[in-house]
Amino acid sequence: MSTLEVKNLHVKAKEEKKEILTGVNLKMSTGEIHAIMGPNGTGKSTLSESIMGNPNYEILEGDILINGQSIVGLPVDQRARAGLFLAMQYPAEIPGITNAEFIRAAINSRRSEDDQMSIPEFLQKLDRTLKTLDMTEEMSERYLNEGFSGGEKKRNEILQLMMIEPKFAILDEIDSGLDIDALKVVSRGVNEMRGPEFGSLIITHYQRLLNYIKPDVVHVMMGGKIVKSGDADLAVKLEDEGYAGLRDELGLDVKLVDEE
Amino acid sequence: MTNTVPEVGGEYKYGFKDDIEPIYTTGEGLTEEIVREISAAKNEPQWMLDFRLKSYEIYKKLPMPKFGPDLSGIDLDKINYFRRDSDKVARSWNDVPEDIKKTFDRLGVPQAEREYLAGSSAQYESEVVYHNMQKQFEKTGIVFMDTDSAVQKYPELVKKYFGKLVPPSDNKLAALNSAVWSGGTFIYVPKGVKVTTPIQSYFRINAGNSGQFERTLIIVDEGASVNYVEGCTAPNYSQDSLHAAVVEVNVLPNAYCRYTTIQNWSDNVYSLETKRAQALENSTMEWVDGNLGSKVTMKYPSVYLDGQGARGTMLSIAFAGKDIRSDTGARMIHHAKNTSSSIVSKSLCKDGGSVDYRGEVRFDRPSDGSFAHVECDTIIMDEKSTSDTIPFNEILNGNVSMEHEAKVSKISEEQLYYLMSRGISEEKATEMIIMGFVEPFTKELPMEYAVELNRLINYQMEGSVG
């Protein structure tokens, strides 16, 4: 079992003054699925990017630990090799590199020089995973995310997740822009990963995704920190009452940016 | 240019040199006497001597190019214009003088020929020392030989085409080449004959202070096709060498020619070339041009689209590292109806290198319905390096269309972050982005060249992160 812990995390964007995260605390273990919900502009994506190590964010205070070891000083590639994965909201497009080439390089970056995954072994696993995600073989030969539709990009993030098999996967609004069929496919992929050696932190606006991936714990973020945690029922309650209802119930002085 | 050279040192791996005493040399500098000597040494007919002498007069009158890189470091009086290292062109590697053969062995040339070429030739300094064509291709009537031999054996063909696309008056370096030219490749592909397997020539400069002035003439007759590949290397010397080639390619109606160059000169070579093709009715001329190394490279291969429906393309990469000035591009001259052209230029620079794109697209009056596409992508890898895009478009016909895109960027932070977020190291991620950037080029190369080019770029990239 591994743990991921965020302690009193304060973060701002590199070029800005304003603190976005104002003291986030979170602890999870492999075998668990946590969901973070919250209105727009409340710092959910900043939290996921900060955990992953996006250089555009600056940690002012606090710590992030994997198995009790701080990873705050580590560059993003080392964090990834330590077991973190971030399914991004806006994955980069990289022409000239095929999807398959890229995924194989990612897998092999975790292995020693004399233990690289062979091409047949890789292709077997790739074929299997593509099937699970209703993706065609052709997708793996296309250039990385280049010209992919929004839905294809999301699926491709889950494909990478399943191929790389990280300890902790953060899914940053993996449901945004997905139709119901694609949502089911993406959920199937994540559910297939469920197990004692895998944990996931799912960031979403909507409860809908959580109908397909049942979380063990639900956290609500507002104004840059987690304001309430509970079980899966909390998400249902939020769906009924809205964030404004919860804010007022908790007596918070938080301005909601918008509710789409 | 194959993947067979074993050692990958910390330095330019083709930089070794051999102590080979020339059989014959004209010594330093150039006079009319030397021009006559070169011609006499080759036992040339009078018309070629006359052409040389006329060119020499033009050469004396023309100034050096006034645009682009600084060429003041070239001392034309110090150059050795002609040296002969072997007294015959061998048809078997066993007959090539041992020392020279060793050089080409180290470059992997004989092995490449066995493995994947229809024909191969090797030029050492001024002259071709080896050439061979596989029997099955020879039977089709293709002529593939060094240009010196072609003057003797096919004087009518040579006379008809030599110096027509690139006249001596074109520029000073072309005039110089016309006066002192030696070696180079001559290819004639008869009507309807299609050669899909590449034919290769390998050009090697070995001595310092020397000039290589090869002259290549290709004629692809009606409906024929050919795929020609050339590679170039030289040793590292403190004295500079000059490579001033002239290439003329005649693509007759409905014919196809692809001309691929991978130039990887050492950092003491000035490479100033004039390459020009004429594409007649419904024919296609494709330049694929890779430039790594050298001290200065100036090269703007062109296609004169003189026949209706002719097509011309240029796909190039240029990589300028430390102390390298690369000024390359292409010219597409639309001179007939419904012609089309495409220029895709990829440039990279680092460690203070400078890489410029300089190109011209011209639509002459009779170019109704023609189309041109120009795309220039550059990655500048550090603050010390520079790049400029200098396009020149001239449009004399209202019924044409033209697209131009230019993009200069650094290695994208966003792409780097994305790759690294999957566990890939910064170094490997940078390499992947660069390889992806040049992929449209490498995928057009014969496999062995692609492998080699990737390796070379990797090698140039070493130490670029950290």
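Chain A of this predicted model has a mean pLDDT of 93, and 98% of its residues reach 70 or more. pLDDT is the predictor's confidence in each residue, on a scale from 0 to 100. Since the model is predicted, local features need pLDDT of at least 70 and side-chain atom pairs count only at pLDDT 80 or more, while totals for chains, interfaces and linings use all residues. Residues are numbered from 1 along each chain as its sequence is written, and chains are lettered from A and ligands numbered from 1 in the order in which they are written.

Chain A has 9 helices and 12 strands. These are DSSP runs numbered from the N terminus: helices are H or I with at least four residues, strands are E with at least two. Here are the two ends of the confidence range among those elements:

| Element of chain A | Residues | Mean pLDDT |
|---|---|---|
| helix α9 | 232–250 | 88 (lowest) |
| strand β6 | 84–87 | 98 (highest) |

Now for the overall shape. Chain A has a radius of gyration of 18 Å, which agrees with the value near 18 Å for a compact globule of 260 residues. That radius is taken over C-alpha atoms, and the globule rule is 2.2 Å times the number of residues to the power 0.38. Along its principal axes, the C-alpha trace of chain A spans about 60 × 40 × 35 Å.

What about the partner chain? 20 residues of chain A are in contact with 19 residues of chain B, where contact puts the C-beta atoms, placed from the backbone, within 7 Å. On chain A's side, α2 (76–81), β7 (94–98), α3 (99–108) and α6 (150–164) each supply at least two residues.

Definitions and conventions:
Contact = placed C-beta atoms within 7 Å.
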